[in-house]
Amino acid sequence: MYSCAQLQMVFQTKGYSNKLTLWSADKDRLTSALNFAPSSQGRRPCDLTSKPGGKKGDTENSMDYEEQGRRKPIGRHECAIFTNREHEAAESCRSYKNCEKNPGHENFISVQVFKDIYLSRLQSDEQREKFRSRIDKTVRLRVDCTSQARPDVDKMAEYRGSSKMRVGTGCVYSVQEPKYDEPCVCFKCDGNVAKKQWRFNVMTAKHVVYNMEEAKETKIDFFYDDDSCNRPRDGRMKSARGVEVIRSEPDMDWCEMWCVTCDEDLGERIEKFDKRVSNNCKLTYQDLSQLGLLSSGDEDCLPALIVSHPHGQPKKITVGEVTHQDIENFRVYYNTPTCPGSSGAPVFGDTRLWGLLPVHSGSA
């Protein structure tokens, strides 16, 4: 049995505020948030949207959160919504250029600049490798489906049944050993036997990927670090397929999605993630003061660094400071810049007080 604790981070920038959700294995504090057991894939999805007394798998989209004993979602989502899948790239560029929340995106640092300038300021090779791993584990999520099973109060309820593409961010959380000569459900194999395949889990916000129906229509884009990565002749950006939501909690607005690929180059790179940094817990804490990105100079400030895909564009890094922690309500306030497309992004810093993997949940 796993448990979860919610910390909602909020920041004040140009009249906006942000929040995030944190997943934690704190068994003593919360013991009933999740309920899943082994299946043929090792786990089964949480049945969090079932009707009381209904058959397993029945979903409810009309019962409000008070009737279900849940808290209503706070604030607005930060997914990028595109109306035309065929012109997604053009819409993404236009949205980024015309952004009203962060005009010019002055505080959004490209991956290359971050690696060339800021990583060199860290004192040890281990610290630099941790940051590189964090950046590589961050992925863009493109979801082509909005399930009718979402409740009326859901952040994405207005898009139920539409063909609009939703773009958010996630982070590879765990990687399994490769499987051999088994059916593969990636976009290429579509159920046929693959010589070798890799399975891995991605953590994101629940409002980005709600259930299995949406997971199956999710593309996971790796290494989209600059504009040239997704050009056909470049080949640096690699994509995998979502399969199933294996753990989730609507109140906490987080989910863990099982994904798969049989692309040998991508699979081998994913397999190396856990070898580069052996303990996931170590990824959540690092002294960010050495980067020279914090302006307050307050030794007691807690930094919050976010890696995301603003407006579905190449990966960017932003840094801010925690301004307030409301531990009783599992909320933390900070001033780190984000944009549509940042929903589900990992948040790093001094997370010893937060949990294991912070997940950005949106703007209030």
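**Ground rules.** I number residues from 1 along each chain as its sequence is written, and side-chain values use heavy atoms, with hydrogens and water left out. Since this is a predicted model, local features need pLDDT of at least 70 and side-chain atom pairs count only at pLDDT 80 or more, while totals for chains, interfaces and linings use all residues.

**Cores.** I looked for nonpolar cores, meaning buried Ala, Val, Leu, Ile, Met, Phe, Trp, Tyr and Cys residues joined through side-chain atoms within 4.5 Å. Buried is under 20% relative accessible area, exposed over 50%, partly exposed in between (1.4 Å probe, protein chains only). The largest one holds 30 residues, and Val172, Phe200, Ile220 and Met257 are among those with the most contacts inside it. Elements giving it two or more residues include strands E5 (138-143) and E9 (218-222) and helix H5 (264-276). E11 supplies the largest share, 4 residues. I take helices (H or I, at least four residues) and strands (E, at least two) as DSSP runs, numbered from the N terminus.

I then found another core apart from that one, with 15 residues, including Leu288 and Phe348.

**Ile220.** I listed its contacts (heavy atoms within 4.5 Å). Leaving aside residues up to four places away in sequence, Ile220 touches Val139, Leu141, Val202, Met257 and Cys259, among others.

**Cysteines.** My search of the whole structure for disulfides (cysteine sulfur pairs within 2.5 Å) gave 0. Cys99 is buried at 9%, but its sulfur is 3.7 Å from the closest cysteine sulfur, in Cys339, so too far for a bond. Cys255 is buried at 0%, and the closest cysteine sulfur, in Cys259, is 9.2 Å from its own, also too far.
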